[in-house]
Amino acid sequence: MYLKGLDEIDRTIITLLTKNARMSYVDIGEAVGLSRVAVKSRICSLENRGIIEEYTTIINPQKISSTVSSYYEIEIEPSSYKKVVDILNSNDTVTQIYQVSGKNKLHVHAVTEDSKGMEAFLNDIMYKLPGILSLDCNIIISRIKDIKGLRL
């Protein structure tokens, strides 16, 4: 099991919320054999412990007109790392930033409104980042599997 410190009921609650974050306390309670109040208490505890971080709506950009979803592998001079992360973090086009091992130290996802928007993002932001040693850009053609968070 990935998470220690969770009993079977907590794991089941997390699994149910992962499948449907809008599931009611009553419905969860019926699935795990607890009252609505007990389920609410457990979920609040999971939130307070930071195990459940947020509830969100996930938009599939490929289902919206001509949006372009892309990812970038970036190799950076170590002295420019923080500056690059700050620039990317403040840009609304960037949806995810991961620090990774290996040659490329950053893996960045971005979504633009169309190919012109992607070209502008590349020219105005990505190509102007300080200390870039290499930059690879890949357009996402289709989303085959996309799991958010940890599955138990």
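**Exercise 1. Contacts of Val 94**

Which residues does Val 94 touch, not counting residues up to four places away in sequence?

Solution. The model used here is a predicted one.

Step 1. Val 94 belongs to strand E2.

Step 2. With residues up to four places away in sequence left out, Val 94 touches Leu 88, Val 108, His 109, Ala 110 and Phe 121.

**Exercise 2. The overall layout**

List the elements of the protein in order from the N terminus, and find what percentage of its residues is buried.

Solution. 

Step 1. Count the elements: the protein has five helices and four strands.

Step 2. Read them from the N terminus: the order is α-α-α-β-α-β-β-α-β.

Step 3. The protein has 152 residues, and 29% of them are buried.

Step 4. The accessible surface comes to about 10,200 Å², with 50% of it belonging to carbon and sulfur atoms.

Step 5. Take the contacts between residues at least 6 apart in sequence: 65% of these join residues at least 24 apart.

**Exercise 3. The aromatic pair**

Find the aromatic pair, classify its geometry and state which elements it links.

Solution. 

Step 1. A pair of aromatic rings is described by the distance of the centres and the angle of the planes.

Step 2. Ring centres must lie within 6.5 Å to pair. The count by this rule is one aromatic pair.

Step 3. The partners are Tyr 72 and Phe 121, at 5.7 Å centre to centre with 65 degrees between the planes. Planes over 60 degrees apart count as edge-to-face, so this pair is edge-to-face.

Step 4. Tyr 72 lies in strand E1 (residues 68–76) and Phe 121 in helix H5 (residues 115–124); the two are 49 residues apart, and the pair links distant parts of the chain.

Step 5. Check burial. Tyr 72 has 0% relative accessibility and counts as buried; Phe 121, at 4%, also counts as buried.

**Exercise 4. The buried face of H5**

Which residues of H5 are buried, and what do they pack against?

Solution. 

Step 1. The buried residues of H5 are Gly 117, Met 118, Phe 121 and Leu 122.

Step 2. Viewed down the axis of H5, these residues fall within an arc of 135 degrees, so they line one face of the helix.

Step 3. The buried residues of H5 pack against E1, strand E2 (94–99), strand E3 (106–112) and strand E4 (132–139).

Step 4. Look at the start of H5: a side-chain oxygen of Asp 114 comes to within 3.1 Å of the backbone nitrogen of Lys 116.

**Exercise 5. A loop residue and a strand residue**

Where are Asn 91 and Leu 106 found, and what does each touch?

Solution. 

Step 1. Asn 91 sits in the loop between helix H4 (81–89) and E2. At 16% relative accessibility, Asn 91 counts as buried.

Step 2. The side chain of Asn 91 reaches the backbone nitrogen of Thr 93 at 2.7 Å. Leaving out residues up to four places away in sequence, Asn 91 touches Phe 121 and Ile 125.

Step 3. Leu 106 is in strand E3 and is buried, at 0% relative accessibility.

Step 4. Among the residues that Leu 106 touches are Tyr 72, Ile 74, Val 84, Leu 88 and Ile 97. Leu 106 and Tyr 72 are 34 residues apart along the chain, and their C-alpha atoms are separated by 7.9 Å.

**Exercise 6. Helix H2**

Which residues of helix H2 are buried, and which helices are included in what covers them?

Solution. 

Step 1. In helix H2 (residues 25–32), the buried residues are Ile 28, Gly 29 and Val 32.

Step 2. They fall within an arc of 100 degrees when seen down the axis of H2, so they line one face of the helix.

Step 3. Their cover includes helix H1 (8–19) and helix H3 (36–48).

Step 4. Just after H2, Gly 33 takes a positive phi of about 80 degrees.

**Exercise 7. Cysteines**

How many disulfides does the structure hold?

Solution. 

Step 1. A disulfide is a covalent bond between the sulfur atoms of two cysteines.

Step 2. The structure holds zero disulfides.

Step 3. Cys 44 is partly exposed, with a relative accessible area of 25%, and Cys 137 is partly exposed at 33%.

Methods
Residues are numbered from 1 along each chain as its sequence is written. This is a predicted model: local features need pLDDT of at least 70, side-chain atom pairs count only at pLDDT 80 or more; totals for chains, interfaces and linings use all residues. Side-chain values use heavy atoms; hydrogens and water are left out. Rings of Phe, Tyr and Trp (its six-membered ring) pair if their centres lie within 6.5 Å; planes under 30 degrees apart count as stacked, over 60 as edge-to-face and the rest as tilted. Buried means under 20% relative accessible area, exposed over 50%, partly exposed in between (1.4 Å probe, protein chains only). A disulfide is a pair of cysteine sulfur atoms within 2.5 Å. Contact means heavy atoms within 4.5 Å. Accessible areas come from the Shrake-Rupley method with a 1.4 Å probe; for residues, only the protein chains shown count as cover. The arc is that of the directions from the helix axis to the C-beta atoms. A polar contact is a pair of N or O atoms within 3.5 Å; within protein, one must be able to donate a hydrogen and the other to accept it, and residues adjacent in sequence count only if both atoms are side-chain atoms.
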